[in-house]
Amino acid sequence: MREPAQELLARARVRASRHYRLEPSVAPAEAHDDGPSDWAGTLVPTHEGWHRVQLVSRETAELFAALAEPAPLPAGVTGAAGARLVLDGILELEYDDGFHSGPETHAVFFANAAPAPRGALGRISLDALRCASALALPDPRLISKCLYRYNTLPNSPAWQRRFPDSDAITLLFEKARVTKSAWTSFITTEGGVSWRAWERPNAPAPLPRAPTYKLYLSPEPAALGAATCAVLGLAGNRCAPFALKAGNNLPTLLRSEKLVVYFLSRDQLLEAADRLRPALAGVAAQGVPFTSELFGDGLASWGIDPGSEAEPPGPLRQLSWRRWITARLGVAMASAIAAGRGGLAWQYALDRVRLDGVNPETWTAPAWFDTPADTDVDH
């Protein structure tokens, strides 16, 4: 965020948005098993436009109520927090003889273009954002889905002839001599997505609220069996994963994240990637967007899933880093499009997630992903 914006936030007046009403939660102090809820209320839009329903914490609800009349931003609110509140339309900032918020204030906080994402995966991720921006989709869920599935290979007749059924994909693993020793395996299918998963019996796994570290391997489809065999060969090493999953039908095989490997720690993940690198030399890469690159060619990357009380760590968990980041990007892009600033919606989205602690140059997660945290409260 540019320095003049921080100065403006410090001296200008702000007020609660006239486009929201605050609906307190039914039981703001209701306790979960692990402590009190951070969700204190819901901001509901009162006018049509780019504003969206937002869950807010007790502190934000109190701030919104306190700023019913224009006043300086309280000293305890940081510049980044103030920028988020203005960009998301919760607060309005006074300048140029009026009060402003949302995507129209983007240039106030970010005068210059942010540094572009780096490396092969950085280019793919930027292409995904620009493509979604050009489509000008109004629904953030559709944008998120486009971003999440970007760089999937087309399900063409040629691929259908090559892999006509699950037996043809099973043959990939058999040819690569994928061993089941030291691992238990199962198949999970949901919504047309099928995975073949392996778990290492009695291997240490993250506690429910601890993060999970994921190594994404994205070889071209025919190399999936060999890549899976290399990962399973880590059994017995201190860097062995506690689980992994590989695409088990054609739609999953054509996705970019066709092989996902689960670790207890980032150090363990990086050591495993170093061990796998010689075995994967020369394998053509597809590349998983919005993940942090490791080898420089898009073949290997990593991410971190936040903890979840509702889901076990490993192949069956739905909450993930890529779902979280593409959802955030989708909301930001949809807001910019609805506000009539669709031409630079991708740039607005990059800058907006930067305020959430994401580093979009490398697509690394916010620091709080490493610690137990609730991710269902926007502010």
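In β5, which residue is the bridge partner of L22?

Author: The bridge partner of L22 in β5 is L43. Some conventions must precede the details. This is a predicted model, in which local features need pLDDT of at least 70 and side-chain atom pairs count only at pLDDT 80 or more, while totals for chains, interfaces and linings use all residues. Residues are numbered from 1 along each chain as its sequence is written, and side-chain values use heavy atoms, with hydrogens and water left out.

Helices (H or I, at least four residues) and strands (E, at least two) are DSSP runs numbered from the N terminus. Two strands are said to pair if DSSP finds at least two bridges between them.

Strand β5 covers residues 39-45. On one side of the account stands strand β2 (residues 20-24), which is joined to β5 by five bridges and runs antiparallel to it; the bridge between L22 and L43 has already been named. Strand β6 (residues 54-57) is also antiparallel to β5, with four bridges between them. Buried means under 20% relative accessible area, exposed means over 50%, and partly exposed lies in between, with a 1.4 Å probe and protein chains only.

Other strands of the chain are also paired. Strand β1 (residues 13-16) pairs with strand β7 (residues 71-72) in the antiparallel sense over two bridges, and V14 stands opposite A71 in β7. Strand β1 is also joined by three bridges to strand β8 (residues 91-95), again running antiparallel; A16 has L91 in β8 as its bridge partner.

Elsewhere, seven strands form an open sheet with antiparallel pairing, in the order β10-β11-β13-β14-β12-β16-β15. Its edge strands, β10 (184-190) and β15 (292-293), each pair on one side only. Within this sheet, four bridges link strand β13 (residues 243-247) to strand β14 (residues 259-263), with L244 opposite V261 in β14.

Two loop residues also deserve mention. D97, in the loop between β8 and β9 (98-100), has a positive phi of about 60° although it is not a glycine; its 86% relative accessibility makes it exposed. N202, in the loop between β11 (193-199) and β12 (212-217), has a positive phi of about 65° and is not a glycine either. With 82% relative accessibility, N202 counts as exposed.

These parts belong to a chain with 13 helices and 16 strands. Its C-alpha trace spans about 70 × 45 × 35 Å along the principal axes. A compact globule of 379 residues would have a radius of gyration near 21 Å, and the 23 Å of the chain agrees with this. That radius is taken over C-alpha atoms, and the globule rule is 2.2 Å times the number of residues to the power 0.38. Buried residues make up 51% of the 379 residues. Among contacts (heavy atoms within 4.5 Å) between residues at least 6 apart in sequence, 71% join residues at least 24 apart.
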